[in-house]
Amino acid sequence: MLSHVLRYFRFRLRSGNAHGLHSPFVFGLYTDVVLHTGHYAAFGPIEQRRHDLRQDQRRLRITDFGAGSQTGAGAEREVRAIARSAAKPPRLAQLLFRLVNRFQPATILELGTSLGLTTAYLAAASSRARVFTLEGCPQTAAVARETLQQLRLGNVQLTEGNFDETLPRVLAALPGPLDFAFFDGNHRYEPTLRYFEQCMPHRTDESVFIFDDIHWSADMERAWAAIKAHPEVTLTIDLFFVGLVFFRRQQPKQHFTLRIEERGLGV
Ligand SMILES: C[S@@+](CC[C@H](N)C(=O)[O-])C[C@H]1O[C@@H](n2cnc3c(N)ncnc32)[C@H](O)[C@@H]1O
């Protein structure tokens with residue numbers, strides 16, 4: 001935990017704001033999408049569901065195929081504990097919503113459904129998008145199904161099982177190219193890079209890949225460095241909590257480190 005805090009301070013020292021952003025693509029994305037704080041009608045019902053999950057005392061038997069939790073959670077957990085610790089907070093989940101809104105992907109993949117809160121944001125951002133979400137824990141996936149039903153989000157296909165088995169299958173059956181991928185499960189070096197490599201043949205030059213918790217551990221920082229160095233990656237934006245990856249050919253390779261909570265544009 002302490003090292004995570006130290007990594008955050010290091011990030012703060014390196015990171016910038018809109019001032020001096022010479023790439024029009026990055027400037028527009030940062031000022032209109034990342035820093036945007038407006039409210040959309042879809043947010044209310046999803047946040048109500050989060051509120052309910054945060055009170056939910058049902059106990060789930062957890063099947064953990066991933067890197068686990070740094071808090072060392074046991075095999076049984078209450079829904080409310082998962083809602084409080086595993087789910088992305090509103091500001092990050094809403095950033096995903098705005099990114100989908102901005103890029104209008106037809107096909108979205110999410111690795112790590114958990115209780116379905118980010119899935120709901122991804123699906124609610126565009127009813128024309130099809131969201132393929134993967135979750136290894138059956139009891140957690142059952143609660144995610146409730147979330148999606150309650151919010152009447154019919155454009156989601158949830159696949160249960162270990163990513164190691166489900167990801168190749170889901171990728172092979174995608175209806176089209178992979179336009180948008182959110183990697184939010186199994187935060188370790190080797191599987192993160194393996195899932196990234198497996199997704200690569202399905203991407204286009206316009207695809208957006210988002211990696212969660214790129215500074216969560218030294219291992220994840222190593223994975224992020226390898227992703228940045230990949231020859232087909234042309235642009236990355238490190239927002240500390242998440243890293244955005246682009247493959248746009250029309251621009252020279254560049255890496256940005258920007259603050260997500262910046263107020264005011266500094267220009
Ligand atoms: C951080 S949570 C996802 C949170 C969710 N995206 C949100 O913000 O609402 C990660 C999820 O990935 C799942 N997971 C981790 N490793 C996995 C693996 N190898 N196969 C399948 N599921 C896995 C865990 O069970 C967990 O529910």
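Guide: Let us begin with a definition: the expected span of a helix is 1.5 Å times one less than its number of residues. Please keep in mind throughout that this is a predicted model.

Visitor: How do you know that the reach of helix α5 is close to what is expected at 1.5 Å a residue?

Guide: Helix α5, residues 90-103, has 14 residues, and from its first C-alpha to its last it reaches 20 Å, which is close to the expected 20 Å. After α5 comes Gln-104, whose phi is positive, near 50°.

Visitor: What makes a residue of α5 buried, and which residues are buried?

Guide: A residue is called buried if 20 or more other C-beta atoms lie within 10 Å of its own. In α5 the buried residues are Ala-93, Gln-94, Leu-95, Leu-96, Phe-97, Leu-99 and Val-100. These buried residues pack against the helices α2, α3 and α6 and against the strands β3, β6 and β7.

Visitor: Why are the buried residues of α10 said to line one face of the helix?

Guide: The buried residues of α10 are Met-220, Ala-223, Trp-224 and Ile-227. Seen down the axis of α10, they fall within an arc of 100°, and therefore they line one face of the helix. Their cover includes α9, β7 and β9, while on the other side of α10 Ala-218, Ala-225 and Ala-229 are exposed.

Visitor: Why is the protein called as compact as a globular protein of its length?

Guide: The protein has ten helices and ten strands. Its radius of gyration is 18 Å, close to the 18 Å that the globule rule gives for 267 residues, so the protein is as compact as a globular protein of that length. Buried residues make up 37% of the 267 residues.

Visitor: Which residues come nearest to the ligand, and which elements give two or more residues to the shell around it?

Guide: Of the 19 residues around the ligand, Gly-66, Gly-112, Ser-114, Gly-136 and Gly-185 come nearest. The elements that give two or more residues to this shell are α6, residues 117-125, and β4, residues 130-135. By residue type, the shell divides into seven nonpolar, nine polar and three charged residues, with Gly counted among the polar ones.

Terms used
Residues numbered from 1 in each chain as written. Predicted model: local features only at pLDDT ≥ 70, side-chain atom pairs only at ≥ 80, totals over all residues. Near = placed C-beta within 6 Å. Helix = DSSP H or I, 4+ residues; strand = E, 2+ residues; numbered from the N terminus. Rg over C-alpha atoms; globule rule 2.2 N^0.38 Å. Buried ≥ 20, exposed ≤ 12 C-beta atoms within 10 Å, placed from the backbone. Contact = placed C-beta atoms within 7 Å. Arc of directions from axis to C-beta.
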